[in-house]
Amino acid sequence: MSITPLMPVYPRCDVRPVRGEGCYLIGERGERYLDFASGIAVNLLGHGHPKLVKAIADQAATLMHTSNLYGMPLGEKFAQRLVDTTFADTVFFTNSGAEAVECAIKTARRYHYANGEAHRHKIISFDNAFHGRTLGTISATSQPKMRDGFEPLLPGFTVVPFNDLEAATAAVDENTAGFLVETVQGEGGVTPATQEFLSGLRKLCDDQGLLLILDEVQCGYARTGTFFAHEQYGLTPDIMAVAKGIGAGFPLGACLATEEAAKGMVFGTHGSTYGGNPLAMAVGLTVLDEVLGEGFLDHVKGIGARLRSALEQLIPNHDMFEDVRGLGLMLGVKLKDDFDARAFVAHLRDNHGLLTVSAGQNVVRILPPLVIEESHVAECVERLSAGARSFAEAAA
Ligand SMILES: *Cc1c(COP(=O)(O)O)cnc(C)c1O
């Protein structure tokens with residue numbers, strides 16, 4: 001037998017972390033990595049955060065899982081906190097981002113069904129989007145590497161160019177339910193929606209009774225310097241998918257909605273065995289306390305600006321860098337066409353102990369824990385700079 005016990009869908013690298021300490025990961029041989037990947041924008045409090053560790057240990061010892069057959073005091077408390085601090089009136093808890101997006105799509109379709117307009121089922125999504133790996137969420141992307149061989153996919157999706165309001169407008173017809181869009185595209189290359197585009201979608205929704213579904217699985221939860229990225233655009237969605245940072249490493253996601261948008265989600269329409277279990281809720285409450293605690297968002301804004309300007313200063317000194325993009329601590333360094341972002345990410349990882357993530361459009365994603373300090377910024381820039389020099393030398 002040559003298949004590996006772990007289904008070989010990931011080309012796994014030789015970094016094999018066994019421990020984490022703050023902003024560092026420690027490998028099997030004791031080697032240390034500066035973790036500016038954060039498990040793909042997940043570990044926003046770094047590794048081994050004492051409050052999070054304690055919350056998990058305490059709750060695990062008290063009550064881990066009960067099922068949604070019973071009342072959920074911690075879930076009610078966490079949902080209420082999210083409702084108090086966002087546009088939403090109601091929350092469904094999931095175990096992952098894809099599940100949160102699935103719930104968002106179901107909520108949108110069900111809204112029109114509840115209005116007696118079941119034909120309005122089509123979701124318009126965007127090129128270079130990433131919404132997860134379930135059959136529903138891959139139906140909302142145009143990327144062949146995710147779709148090929150899995151057809152027939154879910155009908156009722158139209159994919160048009162991102163940041164192209166004209167194309168989005170033209171795609172609307174009498175069967176459209178709404179738009180599904182990342183406020184800042186992550187996997188696609190760290191591309192923020194333009195103000196004009198997102199405001200335009202909001203207006204189309206308002207004018208035509210459509211729903212605006214934001215996927216803030218990656219860009220939400222303080223990553224961009226505000227609690228959610230859409231706050232920086234001065235608008236709110238009707239439905240929003242959240243995950244990644246919300247559990248800071250514990251598998252947790254959420255679908256948030258206004259009362260109006262959730263009007264079809266009545267008893268029996270949706271569910272999850274694990275979703276919102278007491279352990280997940282204890283984690284969620286602890287992470288939320290940190291993120292909304294005094295000075296946390298200001299720290300992300302401040303250190304994000306510092307990191308960004310430090311990265312921008314690298315550009316004139318290195319031939320391979322084209323530009324710096326993103327918001328807050330969701331940053332991307334775009335490489336020039338002659339250099340491959342994936343190869344560079346591997347080079348930084350293997351030779352300079354710096355963990356980053358590649359993204360579409362030849363971008364190196366910089367996604368540090370949100371608790372980084374000046375010293376981590378300096379260390380990142382030093383390693384990135386040294387890495388760029390040795391990478392260019394090796395390529396020459
Ligand atoms: C990661 C991601 C998802 C999928 O989340 P999973 O937890 O992997 O299912 C969905 N949308 C966006 C924008 C993401 O970045």
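What percentage of the 396 residues in the protein chain is made up of buried residues? Buried residues account for 55% of them; here buried means under 20% relative accessible area, exposed means over 50%, and partly exposed lies in between, with a 1.4 Å probe and protein chains only.

This is a predicted model, in which local features need pLDDT of at least 70, side-chain atom pairs count only at pLDDT 80 or more, and totals for chains, interfaces and linings use all residues. Residues are numbered from 1 along each chain as its sequence is written, and side-chain values use heavy atoms, with hydrogens and water left out.

**Stop 1: the whole chain**

Display the protein chain as a cartoon. The chain has 12 helices and 17 strands; helices (H or I, at least four residues) and strands (E, at least two) are DSSP runs, numbered from the N terminus. The radius of gyration is 21 Å, close to the 21 Å that the globule rule gives for 396 residues, so the chain is as compact as a globular protein of that length. That radius is taken over C-alpha atoms, and the globule rule is 2.2 Å times the number of residues to the power 0.38. Along its principal axes the C-alpha trace spans about 65 × 55 × 55 Å.

**Stop 2: the ligand**

Next, display individual distances. At alanine 98, a polar backbone atom is 2.7 Å from an oxygen atom of the ligand. At aspartate 215, a polar side-chain atom lies 2.7 Å from a nitrogen atom of the ligand. At glutamine 218, an N or O atom in the side chain is 2.7 Å from an oxygen atom of the ligand. Taken alone the ligand exposes 380 Å², and the protein buries 82% of that; accessible areas come from the Shrake-Rupley method with a 1.4 Å probe, and for residues only the protein chains shown count as cover.

**Stop 3**

Select cysteine 103, which lies in helix α4 (residues 97-114). Cysteine 103 is buried, with a relative accessible area of 2%.

Then select residues 278-291, which form helix α9. This helix has 14 residues and reaches 20 Å from its first C-alpha to its last, close to the 20 Å expected at 1.5 Å a residue; the expected span is 1.5 Å times one less than the number of residues. Helix α9 is mostly covered, with 13 of its 14 residues buried.

**Stop 4: backbone exceptions**

Most residues other than glycine have a negative phi, and most peptide bonds are trans. Select alanine 41, in helix α1 (residues 38-41). Alanine 41 has a positive phi of about 65 degrees although it is not a glycine, and at 3% relative accessibility it counts as buried.

Move to asparagine 128, in the loop between β5 (122-126) and α5 (135-138). Asparagine 128 also has a positive phi of about 65 degrees without being a glycine. Is asparagine 128 buried or partly exposed? At 32% relative accessibility, asparagine 128 counts as partly exposed.

Now select glutamate 151 and proline 152: the peptide bond from the former to the latter is cis, with omega near 0 degrees. Proline 152 is in the loop between α6 (144-147) and β6 (157-160).

**Stop 5: three further buried residues**

Glycine 247 is found in the loop between β11 (239-242) and β12 (253-257) and is buried, with a relative accessible area of 0%. Its C-alpha atom is separated by 8.1 Å from that of asparagine 43, 204 residues apart along the chain.

Arginine 325 is in strand β13 (residues 321-327) and counts as buried at 17% relative accessibility. Show its side chain together with that of aspartate 323: the two side chains make a polar contact (3.1 Å). A polar contact is a pair of N or O atoms within 3.5 Å; within protein, one must be able to donate a hydrogen and the other to accept it, and residues adjacent in sequence count only if both atoms are side-chain atoms.

Finish at phenylalanine 391 in helix α12 (residues 374-395). Phenylalanine 391 is buried, with a relative accessible area of 13%. The C-alpha atoms of phenylalanine 391 and leucine 348 are separated by 8.6 Å, the residues being 43 apart along the chain.
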